[in-house]
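Reader: I am new to this structure and would be grateful for a guided discussion of it. May I put some questions about its sheet, its helices and its loops?

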Amino acid sequence: MEHSVQEPVRIGFVGARFAANFHWDGLRRVYGVPVEIVGVTSQTADTRDAFAREKGIRAFDSFEELCAAVDVVDLCTPPSTHERLGIQALRAGKHVLIEKPFTGYFGAHVDGFDGSSFPKQQMLEEATSSCARLLDAARASGKRVCYAENWVYAPTIQKEREMLAKSGGQILWMLGEQSHSGSHSPYYGSWKFSGGGSLVGKGCHPLSAALYLKRAEGESRNGVPIRPATVSARTHDITRLPSYRDEGFLRAGYDDIEDYAQIHIKFSDGTVADIFSSELVLGGVHNWLEVICNNHRTRCNLNPTNALETFNPKEEILRDVYVTEKIGTKQGWSHPAPDEAWQHGYPQEFQDFMESIYYDREPRSGIELAADTIAAVYAGYLSAERGGAEVEVPLP
Ligand SMILES: NC(=O)c1ccc[n+]([C@@H]2O[C@H](COP(=O)([O-])OP(=O)(O)OC[C@H]3O[C@@H](n4cnc5c(N)ncnc54)[C@H](O)[C@@H]3O)[C@@H](O)[C@H]2O)c1
């Protein structure tokens, strides 16, 4: 689409805490597309007003008022709200940015809901229905749904995508992980807000990246994405074990979610991926994906990277320096991130989202990848309930 008049893309935030802050930073780095961040609304008036004041934007009393004033609604809210708010925004004729996990199953209206013991077949059916409702709303509205999966945009993942396309390589096996010492969000830990634990909250990142690369392989070969066919998974609740000895370094006290997960994916062409995720890992975030092809092999290190290697003999020397996410201590050897947002793909993500809306094209991380990820995750929960048995991924 040609733009003779530089009408800005007007955006409004829903949610005003962690994700809203890095979305703000990412959107402020967008170039070549005029972007106006209009305002924010949130469930908690205090954080909403503080965010609005700090950023110099308007605080809206309600979602509806915010919607009416923008072209794009940016959902920085807990996963349990994504479907309802996303569909509401699409029906109001707005584009929508949806954070990971795209949607899921949260046990709304179930008395005494406990995510650990709730039947996973029903969860899988409900989660894929939730995706289908979002897909239908998106198609009916003709608006864009941008799936805020930053791993797709991480420079290491995009470089591998380029190597894959230009070398004509075939991915045989991927192996990856996202782990750290536990989420900061007070909503995380209750299935009714987060839709699960490590698998959906952290595993979704390397899983989406793996699904993205396999899609890209198929698309560059013959225009047809290669998609997940079956999964086998295990989940465990390590910090809830009676035998767990809490030394205070890991977040613990989760209500009904797992803190360790592994999922094995078999794609429609028979090739495979193995993804690990946990809340058990000290020493900063551990985010990486190894891609083993028939003609090359790549290790995508998102965090840590060794661009910088610093030895610090005393904690307080680096007191005022941000080192890397969830590092815990700054003493000794560390890998301070020169630009952590960039290595995680955040600015590139918002650049693509704004261009996709401005120029009316699909984002690299779109609704189909989002829905495939959720189908694979909840098929994984069903597999884990069955002790790791292979389960078909019901593709939307
Ligand atoms: N891509 C990433 O790296 C990344 C990192 C962290 C979080 N996230 C995702 O971002 C989303 C938000 O997580 P967070 O860490 O910012 O959570 P948070 O708890 O820090 O903030 C949630 C915000 O949403 C608001 N909120 C809650 N329910 C609401 C409702 N019904 N209507 C309006 N506002 C509501 C809260 O008041 C709060 O401002 C989640 O989906 C999470 O998985 C993504």
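Author: The questions below treat the sheet, the helices across it and some loop residues.

Author: Please bear in mind that this is a predicted model.

Reader: Which strands stand at the edges of the open sheet of seven strands?

Author: The sheet has the order E12-E11-E7-E10-E9-E8-E15, and its pairing is mixed. A strand at the edge has a single partner strand, so one side of it is left without a neighbour in the sheet. The strands in that position are E12 (297-303) and E15 (391-392).

Reader: In E12, which residue stands opposite Leu289?

Author: Strand E11 covers residues 286-293 and runs antiparallel to E12, with six bridges joining the two. The residue in E12 that stands opposite Leu289 is Cys300.

Reader: At about what angle to E8 does helix H11 run?

Author: Helix H6 (residues 155-167) lies across E11 and E12, and runs at about 160° to E12. Helix H11 (residues 367-385), for its part, lies across E8 (228-236), E9 (260-267) and E15. Its angle to E8 is about 50°.

Reader: Where is Pro304 found, and what is omega for the peptide bond from Asn303 to Pro304?

Author: Pro304 is found in the loop between E12 and strand E13 (310-312). The peptide bond from Asn303 to Pro304 is cis, with omega near 0°.

Reader: Which residue is joined to Pro101 by a cis peptide bond?

Author: Pro101 is found in the loop between strand E5 (95-99) and helix H5 (120-141). The cis bond has an omega of about -15°, and the residue it joins to Pro101 is Lys100.

Reader: What is the phi of Asp360?

Author: Asp360 lies in the loop between helix H10 (346-358) and H11. Asp360 is exposed, because 10 other C-beta atoms lie within 10 Å. Asp360 is a residue other than glycine, yet its phi has a positive value, near 55°.

Definitions and conventions:
Residues are numbered from 1 along each chain as its sequence is written. This is a predicted model: local features need pLDDT of at least 70, side-chain atom pairs count only at pLDDT 80 or more; totals for chains, interfaces and linings use all residues. Two strands pair if DSSP finds at least two bridges between them. Helices (H or I, at least four residues) and strands (E, at least two) are DSSP runs, numbered from the N terminus. Two residues are in contact if their C-beta atoms, placed from the backbone, lie within 7 Å. Axes are lines fitted to C-alpha atoms, for helices over the stretch in contact, and angles run from 0 to 180 degrees between N-to-C directions. A residue is buried if 20 or more other C-beta atoms lie within 10 Å of its own, exposed if 12 or fewer, and partly exposed in between; C-beta atoms are placed from the backbone.
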